[in-house]
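Dear colleague,

I am writing to hand over a structure for your review. Please find the sequence and the structure below, followed by an account of what was found.

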Amino acid sequence: MMKDCNCGYCMRGELLDKFGIYICDLSVSTLILFKEQSKRGRCIVAYKDHVGEIVDISDAERNAFFADVNRAAKAIHKAFKPDKLNYGAYGDTGCHLHMHLCPKYKDGDEWGGVFRMNPQKTFLTDEEYAKMIEDIKSPL
């Protein structure tokens with residue numbers, strides 16, 4: 001497996017703790033709860049290896065990655081019942097293949113507007129994060 005010692009998705013620990021909380025491993029990826037929760041239930045699905053682009057993996061690995069994204073999306077829908085789940089694949093500064101799963105709610109602050117990556121508005125207690133993780137893992 002390819003790893004980068006400066007990457008939170010690869011190394012977890014303190015690097016991941018800056019922005020996310022490990023939930024579980026999926027078939028070819030890791031499911032992470034994004035700490036900034038202005039979009040209740042926002043998660044990240046990060047590929048198991050340190051690759052920068054989806055073109056860097058085989059068709060079978062790509063299909064398995066998207067199956068993981070789909071599995072996580074279903075769990076988020078069951079747990080939080082968003083009106084819409086948006087998907088974002090970014091990585092121009094952190095070049096590790098990953099996808100943001102961003103629930104949106106009609107009564108939310110950005111419904112119908114542009115998604116802000118990290119508005120730094122909503123952080124939860126450890127207990128609230130633990131409950132969210134439990135709610136996400138339950139339907140997995």
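How much space lies in the second largest pocket? The second largest pocket holds about 180 Å³. Please note that the model is a predicted one. Lining this pocket are 13 residues, of which G52, E53, A89, Y90 and L97 are the closest to its centre. Two or more lining residues come from each of the elements α3 (residues 59-80) and β5. By class, the lining of the second largest pocket comprises 8 nonpolar residues, 4 polar residues and 1 charged residue.

The largest pocket has a volume of about 320 Å³. Its lining is made up of 18 residues, and those closest to the centre are Y9, F19, T93, G94 and H98. Here the elements that contribute two or more residues are α1 (8-11) and β5 (98-104). The lining of the largest pocket divides into 7 nonpolar, 9 polar and 2 charged residues.

I turn next to the sheet. Five strands form an open sheet with antiparallel pairing, in the order β1-β2-β3-β5-β4. Its edge strands are β1 (20-25) and β4 (84-88), each of which pairs on one side only. From one strand to the next, the twist averages 25°. Strand β3, which covers residues 43-47, pairs with β5 in the antiparallel sense over 4 bridges. I44 has H100 of β5 standing opposite.

Helix α3 lies across β2 (29-34), β3, β4 and β5, and runs at about 25° to β5. Helix α4 (residues 126-137) also packs on the sheet, where it touches β1, β2 and β3. The direction of α4 makes about 25° with that of β1.

Is I57 buried or exposed? I57 counts as buried because its relative accessibility is 10%, and the cut-off for buried is under 20%. Leaving aside residues up to four places away in sequence, I57 touches Y47, V51, R62 and L97. I57 and L97 are 40 residues apart in sequence, and their C-alpha atoms are 9.9 Å apart in space. L97 is also one of the residues closest to the centre of the second largest pocket.

With kind regards

Key. Residues are numbered from 1 along each chain as its sequence is written. This is a predicted model: local features need pLDDT of at least 70, side-chain atom pairs count only at pLDDT 80 or more; totals for chains, interfaces and linings use all residues. Side-chain values use heavy atoms; hydrogens and water are left out. On a 1 Å grid over the protein atoms alone, a cavity is a set of points where a 1.4 Å probe fits but cannot get out, and a pocket is an open set with protein on both sides within 12 Å along at least five of seven lines; lining residues have an atom within 4 Å of a point. Grid points are joined across faces, edges and corners, and a volume is the space filled by probe spheres set on the points. Ala, Val, Leu, Ile, Met, Phe, Trp, Tyr, Cys and Pro count as nonpolar, Asp, Glu, Lys and Arg as charged, and the others, Gly among them, as polar. Two strands pair if DSSP finds at least two bridges between them. Axes are lines fitted to C-alpha atoms, for helices over the stretch in contact, and angles run from 0 to 180 degrees between N-to-C directions. Contact means heavy atoms within 4.5 Å. Buried means under 20% relative accessible area, exposed over 50%, partly exposed in between (1.4 Å probe, protein chains only).
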